[in-house]
Amino acid sequence: INAEYMGETNGFEVKTIGDAFMVAFRSTDDAVRFSLKLQNRLLDEDWPPPLLCEDACRIEYTQDGSISWCGLRVRVGMQIGKPRVVVKMKDGIVDYLGPCVNEAARAEGKACGGQVVITAEVMEQVMRSNRWSSSNITVELHGHFALKGVSRPMTLYSIVDPDAPHRTFSKVMDVPCERCGNVMVCIHCDSASPMQRLAHVRRKSNLTIRSSQSIRSVVPQSSRSSNNENAY
C-alpha cells in the first residue's frame, strides 16, 4: 500500500525502523496527499478476519452506521526541513539525519492510530497552498509538547480529510504557556505565535482550513518560501 501511494505522490522510502517507515517527499502537498490517501486506503483494505478480532484492529461504526475503523491503525507524523544526507560507503544506501528527521519521528509518536499529525511549519505550508485552500480538509490543534531530543517546545496539529469517516482523537498538551501558565497553547496571551492565533480565528469563525505501524514523513526543504519543499 505504501509503495502504491508513494509512486503517486513523488515519495521515496528512505528506510524502515522496526515497524515504522521513513518516507521523503518533494513537497508538502505531496506528503499531505500521501498521508490522507493512505488513511483512507487502509480503511478499505480486505483485512484477514483473525486480524479484525484484535482489539486494536476491530471494526467500529459511526452513529449513522458507517465504518469508522477497520484493520491496522497507522500513525503519521510530518515535518519539513533540511536533512543531512549520508551515503553508506558499504552499500551506497542513502540515509537522512538531522533535527527535522527527529521532529517528524516525535510528531508521529504523539499521534494516535489512524491520525496524521503535522508541525506548525507544515501547517503554515498547508495554509499557503492553493491545493488545500480550495479543498475541505480541516486542521485542528493537537497540542503543545516538549519532545525528546528537540530543543524547543513544539505545537502540533492534526489534519483531517472530511471525506473520511468521523474519528475522535484525544488532545493532550504537556507544556504550560510561558506567559499565563495554562497547560495548553494559549491563544489569548502574547506568547501565542501568529500561526496559532490565525488557526484560532479560523476555528472560531467556522472557517476550517481546507487545508500499530507508523509513518515518519519528511519534506527535505530547499527554500521556506516555496510550496515545493521536501517533507518527512
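**Cut-offs and conclusions in a predicted model**

Mentor: Gly92 takes a positive phi near 75° in the hairpin of strand 6 and strand 7, where 6 residues lie between the strands. This is a predicted model, in which local features need pLDDT of at least 70 and side-chain atom pairs count only at pLDDT 80 or more, whereas totals for chains, interfaces and linings use all residues. Residues are numbered from 1 along each chain as its sequence is written, and side-chain values use heavy atoms, with hydrogens and water left out.

Trainee: What makes strand 6 and strand 7 a pair?

Mentor: Two strands pair if DSSP finds at least two bridges between them. Strand 6 (residues 84-87) and strand 7 (residues 94-97) have 4 bridges in the antiparallel sense, and therefore they qualify. Val86, for instance, stands opposite Asp95 in strand 7. Strands themselves are DSSP runs of E with at least two residues, and helices are runs of H or I with at least four, numbered from the N terminus. The protein has 7 helices and 11 strands.

Trainee: How do you know that strand 1 is joined to strand 2?

Mentor: Antiparallel strand 1 (residues 11-17) and strand 2 are linked by 6 bridges, and Gly11 has Phe25 as its bridge partner in strand 2. These strands form a hairpin with 2 residues between them, and Gly18 in the turn has a positive phi of about 65°.

Trainee: Why is strand 2 described as largely enclosed?

Mentor: A residue is buried under 20% relative accessible area, exposed over 50%, and partly exposed in between (1.4 Å probe, protein chains only). In strand 2 (residues 20-25), 6 of the 6 residues are buried, so the rest of the structure largely encloses the strand. In a regular strand, side chains alternate between the two faces of the sheet. Here both faces are covered, with Ala20, Met22 and Ala24 buried on one side and Phe21, Val23 and Phe25 buried on the other.

Trainee: Why is Glu108 called buried?

Mentor: The relative accessible area of Glu108 is 1%, which falls under the 20% limit, so Glu108 is buried. Glu108 belongs to helix 4 (residues 99-109).

Trainee: What makes the link between Glu108 and Arg75 a polar contact?

Mentor: A polar contact is a pair of N or O atoms within 3.5 Å; within protein, one must be able to donate a hydrogen and the other to accept it, and residues adjacent in sequence count only if both atoms are side-chain atoms. The side chains of Glu108 and Arg75 are joined at 2.6 Å, which meets the distance limit.

Trainee: How do you know that the length of helix 2 agrees with expectation?

Mentor: The expected span is 1.5 Å times one less than the number of residues. The 17 residues of helix 2 (residues 28-44) should therefore span 24 Å, and the end C-alpha atoms are 25 Å apart, in agreement. Since 13 of those 17 residues are buried, helix 2 is also largely enclosed by the rest of the structure.

Trainee: What makes a set of residues a nonpolar core, and which members of the largest one touch the most others?

Mentor: Such a core consists of buried Ala, Val, Leu, Ile, Met, Phe, Trp, Tyr and Cys residues joined through side-chain atoms within 4.5 Å. The largest has 30 residues, of which Val32, Met78, Ile118 and Ile159 touch the most other members. Helix 2 gives the most to this core, with 7 residues.

Trainee: How many disulfides are counted?

Mentor: A disulfide requires two cysteine sulfur atoms within 2.5 Å, and the count is 0. Cys100 is buried at 5% relative accessible area, whereas Cys112, at 24%, is partly exposed.
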